[in-house]
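Here are some notes for a first look at this structure. Please read them with the model open beside you.

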Amino acid sequence: RDLHSFPTRRSSDLHRTLGYIVWALAAWAAWRSRGKEGRGLAYLVLAIASAQAALGIATILFGSPLSLSLIHQGGAVALWLAATARLLVGAPSRSVT
């Protein structure tokens, strides 16, 4: 099966579409956080999402070498951690009484 076969193509189209959605949400969150607490983390999430997009494109253009694929996976973990940290910073604090 080649790269353009139907199941592979559908999977890569879904991955790319989810990447667009994640990047758009990161950009929206960074824009909304201007002047608020946690804006540095929001900008970090946007920067990591942008790097992820660039890595994804490079991975495809270079024929999916293992090294780029692993870096792309590591970037996904970094993006998840940064987004989680941003959510925790923006969450209202709860006091136990």
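1. Start with a helix pair. Helix 2 (residues 39-61) packs against helix 3 at an angle of about 160°. Their axes lie 9 Å apart. Bear in mind that this is a predicted model.

2. How do the two helices run relative to each other? Angles over 145 degrees count as roughly antiparallel. Helix 2 and helix 3 are therefore roughly antiparallel. Helix 2 passes helix 3 in a left-handed crossing. The residues of this contact divide into 17 nonpolar, six polar and one charged.

3. Now take helix 3 by itself. Helix 3 covers residues 66-90, which makes 25 residues.

4. Which residues of helix 3 are buried? They are Leu 68, His 72, Gly 75, Leu 79, Ala 82 and Arg 86.

5. Turn to the charged side chains. Side chains of opposite charge can pair when their charged atoms come close. How many salt bridges does the structure hold? It holds one. The side chains of Asp 13 and Arg 16 form a salt bridge, at 3.3 Å from N to O.

6. Where do Asp 13 and Arg 16 lie? Both are in helix 1 (residues 6-32). They sit three residues apart, about one turn of the helix.

7. Check the exposure of these two residues as well. Asp 13 has a relative accessible area of 26%, so Asp 13 is partly exposed. Arg 16 is also partly exposed, with a relative accessible area of 42%.

Notes. Residues are numbered from 1 along each chain as its sequence is written. This is a predicted model: local features need pLDDT of at least 70, side-chain atom pairs count only at pLDDT 80 or more; totals for chains, interfaces and linings use all residues. Side-chain values use heavy atoms; hydrogens and water are left out. Helices (H or I, at least four residues) and strands (E, at least two) are DSSP runs, numbered from the N terminus. The expected span of a helix is 1.5 Å times one less than its number of residues. Buried means under 20% relative accessible area, exposed over 50%, partly exposed in between (1.4 Å probe, protein chains only). Axes are lines fitted to C-alpha atoms, for helices over the stretch in contact, and angles run from 0 to 180 degrees between N-to-C directions. Angles under 35 degrees count as roughly parallel, over 145 as roughly antiparallel, 65 to 115 as roughly perpendicular and the rest as oblique. A crossing is left-handed if the near helix is turned anticlockwise from the far one by less than a right angle, and right-handed if clockwise. Ala, Val, Leu, Ile, Met, Phe, Trp, Tyr, Cys and Pro count as nonpolar, Asp, Glu, Lys and Arg as charged, and the others, Gly among them, as polar. A salt bridge is a side-chain nitrogen of Lys or Arg within 4 Å of a carboxyl oxygen of Asp or Glu.
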